[in-house]
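The sequence and the structure come first.

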Amino acid sequence: MALEVKNITKRFGGIHALTDVTFRVEEGEVFGLIGPNGAGKTTMFNIITSMFPPTDGEVVFSNKRLTGKKPYEITKEGVCRTFQNIRLFPDMTVLENVTVGEHCRTKSGVFASVFRLKSQKVEEEKIKTKARELLQLVGLGKYEDTFADNLAYGQQRRLEIARALASDPALLLLDEPAAGMNEKETNDLFDLIQKIKKLGITILLIEHDMPLVMRICDRIAVLNFGEKIAQGTPDEIKNDPHVIEAYLGQEEEDELA
């Protein structure tokens with residue numbers, strides 16, 4: 001179930017957000033997408049999930065063309081994401097937030113829900129059971145009745161990941177999941193990403209925390225001004241002179257060595 005990004009170009013008027021970007025994410029790997037602010041990383045996520053149409057190029061997942069599909073159709077194809085800015089339902093409980101993520105996989109219609117048919121009740125219990133399992137996975141099991149708005153920042157990040165996992169993705173896109181986290185929260189996130197990978201889920205990661213990226217990613221692509229300037233293993237990327245000049249800087253490169 002590889003993801004293939006083929007010659008993606010995105011223009012907003014006269015601004016070239018992405019120019020002829022190509023990369024492939026193999027099944028089961030953690031693939032990093034890094035680069036300076038404004039490099040086009042989140043724009044790429046928006047194109048993969050059909051929030052933006054590309055100007056040119058196409059996105060293929062598991063041999064199916066995603067370009068041109070609706071965002072909800074992308075989710076049904078097994079691709080789900082988190083956002084750079086947390087987008088939870090603050091006035092819903094932690095458990096309710098996760099069950100929302102399962103909506104795309106439910107089968108009960110309006111009739112079954114209104115009249116509370118047995119099939120609907122059984123499905124609802126299965127949804128809650130799965131949601132509780134995901135909350136245990138992300139370390140939020142004891143908070144299921146807490147309103148999402150009352151969670152600490154790092155916990156909200158993990159809740160958003162749990163909600164994304166509720167849609168049964170084969171490919172999970174994480175947009176700066178470590179942003180704003182302290183060292184302990186980042187280490188917990190590292191452990192969580194490893195757990196998700198062991199479940200057989202492929203991960204595409206945008207992140208500015210370079211120690212985390214170098215520890216967790218199998219391969220990395222680097223964007224700068226909307227163009228891919230490098231791709232390779234963490235060791236290859238941190239020693240690439242173009243990446244050091246454009247993004248890492250010599251001082252940070254020395255710290256990662």
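## Terms and basis

Two strands count as paired if DSSP finds at least two bridges between them. Helices (H or I, at least four residues) and strands (E, at least two) are DSSP runs, numbered from the N terminus.

The model is predicted: local features need pLDDT of at least 70, side-chain atom pairs count only at pLDDT 80 or more, and totals for chains, interfaces and linings use all residues. Residues are numbered from 1 along each chain as its sequence is written, and side-chain values use heavy atoms, with hydrogens and water left out.

## Strand 1 and its partners

Strand 1 (residues 3–12) pairs with strand 2 (residues 15–25) in the antiparallel sense, over seven bridges. Phe12 is placed opposite Ile15 in strand 2. The hairpin of strand 1 and strand 2 has two residues between the strands, and Gly13 in this hairpin takes a positive phi near 65 degrees.

Strand 1 is also joined to strand 4 (residues 56–61), by five bridges, and these two run antiparallel. Here Leu3 stands opposite Phe61 in strand 4.

Buried means under 20% relative accessible area, exposed over 50%, and partly exposed in between (1.4 Å probe, protein chains only). Leu171, Leu173 and Asp175 point one way from strand 7, while Leu172 and Leu174 point the other way; all are buried.

Strand 6 (residues 79–81) pairs with strand 7 in the parallel sense over three bridges, and Val79 stands opposite Leu171 in strand 7. Strand 8 (residues 202–206) is joined to strand 7 by five bridges, and the two run parallel. In this pairing Leu174 stands opposite Leu205 of strand 8. From strand 7 the chain crosses through helix 7 (residues 183–198) to strand 8, a right-handed β-α-β crossover. Right-handed means that, with the strands pointing away from the viewer, the path from the first strand over the helix to the second runs clockwise.

With 40% relative accessibility, Asn7 counts as partly exposed.

Glu176, also not a glycine, has a positive phi of about 50 degrees. Glu176 is found in the loop between strand 7 and helix 7 and is buried, with a relative accessible area of 9%.
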